[in-house]
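Let's take a friendly tour of a protein model. Have the sequence and the 3D view ready as you read.

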Amino acid sequence: MQYDFYKSPLLRVYTEIEGEYMRMKTSGAASIIMRKNLEKSLSIFEGEKPAKLEVDRLICSTWMPPVPSPAFDRLVKSQLSSILGKMIPDQVTISITEECPNNCIHCALPDTKNKVRLTLETVKSAIDQVLEMGTTFIIFDGGEPLTYPGLEDLINYVDSGKAISGMFTSGVGLTEERASRLKEAGLYSLTVSFDSAYEDKHDYVRGRKGVFKCAVEAVKNGLRAGLLVNIYVVLSRDNVNELEELYSLAAKLGVHELSFYEIVPTGRWMDHASEIMTSKDLRKFDNFVSGVREKEGPRVFAIPQVMRTTGCMAGRKWLHITPEGNILPCACIPIPYGNIHQDKVRDVWKKIREDPAYNAKYCLMRNPEFREKYLKILE
């Protein structure tokens, strides 16, 4: 089976599905010239499993629009523009509320204790603005977004011809009925966070008993509703030895994707820089990713490895809006460059892009010099 990523009279970029894996191909008169420029982007998919194969479309990942779709065409356009040096925020996360029933020890959201939330009108305005800029993935986050009145209205407001919508959740409150309503509203992908494959350990990190059971039920209810479901794990020294167990859990539950991110010294973890992953931990993770490709089960999206290819995406491909309306380069960098209540997103994005820091090869918040220099702004 073949699926076109891009097709013009001079260039065709497509993937062939061989067994369970994607093989990236190019053809056309411009393919030799463009292949080198496209190598980084194509390498992310080469030899990987897709999240899901359907009769008439390919879902490479729960983090991307399906192929083919108008939203995917917009994403390809933005990727081609980025080669020429023009960056847009492909992925925008909006923390619509601070409300949350959990008390996670590594929460990235600053402890303002205001329990504020953005109004429907404010969020809709932000959606309009980022869609106009070319955004193709809008993620509703929190706090716990399931506590937000009108969540389904916001999901429905995202124009599916321009972007997909996703939601990050701990799973608390995601009943079978609620999952069905979210699907009907147009939710594309559901991402449920797990900190451990073991119930007691997960509940400890989340600061409340019963959260593990809620997360498992949320996954099951999302799948029953027909949603694309992704399990999201923030890797730390505490859970890097559970990689096989986490994969077994994901495979047992039948999710479409298992995503890993590396813990960042930010939010409640700001003073824990000495506890981030070691080089030995990262080698262990790399070995796991290499070995798991041959196993039967969900696609693994290894964000730390992808970022070695793409560089840090904060302020280059990512943008974040807090419940207070602050506009940040990403959810992990607590440095506001503007506020949605006073500023246009496009103007704030321009301001971020003018800062040379946001062309980094590695996660900026793991860079001691960046934290020391830029976090003085918060003092």
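Does Cys104 count as buried or exposed? With a relative accessibility of 9%, Cys104 counts as buried. Keep in mind that this is a predicted model.

## Cysteines

Searching the whole structure turns up zero disulfides. Cys104 is in none: the nearest cysteine sulfur belongs to Cys100 and sits 5.8 Å away.

Cys214 is partly exposed, at 26% relative accessible area. Its closest cysteine sulfur is again in Cys100, but at 11 Å that is too far for a bond.

In soluble globular proteins, nonpolar side chains tend to be buried together. Here, the largest nonpolar core has 103 residues, and Ile94, Phe140, Phe194 and Phe260 touch the most other members.

A second, separate core holds 18 residues, including Tyr3 and Met64.

## Salt bridges

The structure has 20 salt bridges. In one of them, Glu242 meets Lys201 with N and O 2.7 Å apart. Glu242 lies in the loop between β10 and α8 and Lys201 in helix α6, so the pair ties together parts 41 residues apart in sequence. Glu242 is buried at 4%, while Lys201 is partly exposed at 30%.

Another pair is Glu257 and Arg299, whose closest N and O atoms are 2.6 Å apart. Glu257 is in strand β11 and Arg299 in strand β12, 42 residues apart. Glu257 counts as buried, at 0% relative accessibility, and Arg299 is buried too, at 3%.

Notes
Residues numbered from 1 in each chain as written. Predicted model: local features only at pLDDT ≥ 70, side-chain atom pairs only at ≥ 80, totals over all residues. Heavy atoms only, no water. Core = buried A, V, L, I, M, F, W, Y, C linked by side-chain atoms within 4.5 Å. Buried < 20%, exposed > 50% of the residue type's maximum accessible area, 1.4 Å probe, protein only. Disulfide = S-S within 2.5 Å. Salt bridge = Lys/Arg side-chain N within 4 Å of Asp/Glu carboxyl O. Helix = DSSP H or I, 4+ residues; strand = E, 2+ residues; numbered from the N terminus.
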